[in-house]
Amino acid sequence: MVQLSFDAHLCKTCPTGDCLVKCQYLDVDREKAGEEMVKISEGKDSFVLQDCVTCYACEEYCKRGNHPFYLITERRQEKGILVAPRAITRQWVNIGEPQGKYKVGKIRDKVLSLGFMPEYLESVKGELFEDLMPSYVFGQEFFCNVVYIHFADTAIIKQRLPRVIDHFKSLGVREVVFMHDECYGAFASLAPAYGMEVPFKAVHYFEYLYQRLRDLRDKIRPLRLKAAYQRPCSARLCPDKHHFVRDIMNLIGVELVERQYQDENALCCSGILSLCFGYDIAHDVKARNLADMVKHGAQYCVFNCPACQNTLGAEVAKMGIRPIHMIDLCRMAIGEKSPNGVRPT
Ligand code: SF4
Ligand code: SF4
């Protein structure tokens, strides 16, 4: 049975209450944090169910293996607490509906999953992806659906994710490299939390890129630039892969600026905030984030999630900082792209 595993006893004995104490959008002390999580687990009301802005970060802050954000999401749906207007939620849920229009390449044991992000169809080119392509999958049939936790809709995830797992199973693949870290989080975090069996090895594309860059080490020309990294909400579902950001930067000669809003303290790109929680909070978060990049001298802003890049790309450019996706940065380092996007001669 697909059901969230959450242990309220861990919250009753929790020495830190970090899930809510570290939350950047709520003001909660240690004692209250444990109390609220126990109340939520018992199905009681809590201000957290009203005020949480779905940044996913408490999934990372809890070091006791509980799943505070999945629990908040479950209870919101049970109580009918809407995060966004019904029409917006419905529209998003419809976007992920399988249409039978998926694409698959020449499938081998090891496959690259592009989820349902068309941007990736263009970017997975060149030597970095030579040992995987053209073994790839793309389309709603392979889309994790985890984004719906932003909309307090775990029912649709519980319904669709087992079917997505079946689609991978029918291909007989042994290993899947996920380009979208929310898809990786679906199989490394959410599926196990709900007791779903994953019949393949899930690999985060940062780990893949790091290994591939090491293979191509002779081609790397250190970029010698300073960058800020925009960490997406989905990265909170796989915090054990976050170190690859620094590992990759070190390998390609990029200095990550030591700024306030990075690592555990990262701020949301503000996309979901403006969609669901209003422009005031979105503007405040965006302004603080951008000012932090400028203050610490970032020349580039490196994106992991294309949705973050769509939300913040033009804004960072206005501040004189160049937006770039992690893959394009890596391709620059091995001479496949120049800083102005044209392949060097
Ligand atoms: S969810 Fe985790 S961090 Fe929060 S109170 Fe429970 S055990 Fe502690
Ligand atoms: S998801 Fe983010 S805003 Fe919501 S309670 Fe967790 S840390 Fe706070």
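Helices (H or I, at least four residues) and strands (E, at least two) are DSSP runs, numbered from the N terminus. The structure described here is a predicted model, in which local features need pLDDT of at least 70 and side-chain atom pairs count only at pLDDT 80 or more, while totals for chains, interfaces and linings use all residues. Residues are numbered from 1 along each chain as its sequence is written, and chains are lettered from A and ligands numbered from 1 in the order in which they are written.

The surroundings of the ligands are described with one criterion: a residue is near a molecule or strand if its C-beta atom, placed from the backbone, lies within 6 Å of it. By this criterion 13 residues surround ligand 1, and the closest are Cys11, Cys14, Cys19, Cys62 and Arg64. Two or more residues of this shell are given by each of helix 1 (8-12), helix 2 (18-21) and helix 3, and the largest share, 3 residues, comes from helix 3. Residues are also sorted by class, where Ala, Val, Leu, Ile, Met, Phe, Trp, Tyr, Cys and Pro count as nonpolar, Asp, Glu, Lys and Arg as charged, and the others, Gly among them, as polar. The shell around ligand 1 then divides into 8 nonpolar, 3 polar and 2 charged residues.

Around ligand 2 stand Cys23, Tyr25, Leu26, Val48, Cys52, Val53, Thr54, Cys55, Tyr56, Ala57, Cys58 and Phe69, a shell of 11 nonpolar residues and 1 polar residue, with no charged residue. One of these residues, Tyr56, lies in the loop between helix 4 (47-51) and helix 5 (58-61), and its phi is near 75 degrees, a positive value in a residue other than glycine. Most residues other than glycine have a negative phi, and most peptide bonds are trans. A cis peptide bond, with omega near 10 degrees, runs from Met133 to Pro134, and Pro134 is found in the loop between helix 8 (119-123) and strand 3 (136-138).

Helix packing is described with axes, which are lines fitted to C-alpha atoms, for helices over the stretch in contact, and with angles that run from 0 to 180 degrees between N-to-C directions. The axes of helix 3 (residues 30-41) and helix 6 (residues 68-79) come within 10 Å and cross at roughly 45 degrees. This angle makes helix 3 oblique to helix 6, given that angles under 35 degrees count as roughly parallel, over 145 as roughly antiparallel, 65 to 115 as roughly perpendicular and the rest as oblique. The contact joins Met37, Ile40 and Ser41 of helix 3 to Pro68, Leu71, Ile72 and Arg75 of helix 6, where two residues are in contact if their C-beta atoms, placed from the backbone, lie within 7 Å. By class, this contact has 5 nonpolar residues, 1 polar and 1 charged.

Helix 11 and helix 12 (residues 243-252) pack at an angle of about 25 degrees, with their axes 9 Å apart, which makes helix 11 roughly parallel to helix 12.

Two strands pair if DSSP finds at least two bridges between them. An open sheet of 5 strands has the order 1-3-2-4-5, with mixed pairing. Strand 1 (103-104) and strand 5 (201-204) stand at its edges, each with a single partner strand, so one side of each is left without a neighbour in the sheet. Strand 2 (residues 110-113) and strand 4 (residues 175-178) run parallel and are joined by 4 bridges, and Leu112 has Val177 in strand 4 as its bridge partner. Helix 10 (residues 181-193) lies across strand 2, strand 4 and strand 5, at about 145 degrees to strand 5, whereas helix 11 (residues 205-215) lies across strand 4 and strand 5, at about 70 degrees to strand 5.

Another open sheet is formed by 4 strands in the order 7-6-8-9, with parallel pairing. Its edges are strand 7 (254-256) and strand 9 (322-325), each with a single partner strand, so one side of each lacks a neighbour in the sheet. The twist averages 40 degrees from one strand to the next. Strand 6 (residues 225-230) pairs with strand 8 (residues 300-303) in the parallel sense over 4 bridges, and Ala227 stands opposite Tyr300 in strand 8. Helix 16 (residues 326-333) packs on this sheet, touching strand 7, strand 8 and strand 9, and its direction makes about 90 degrees with that of strand 9.
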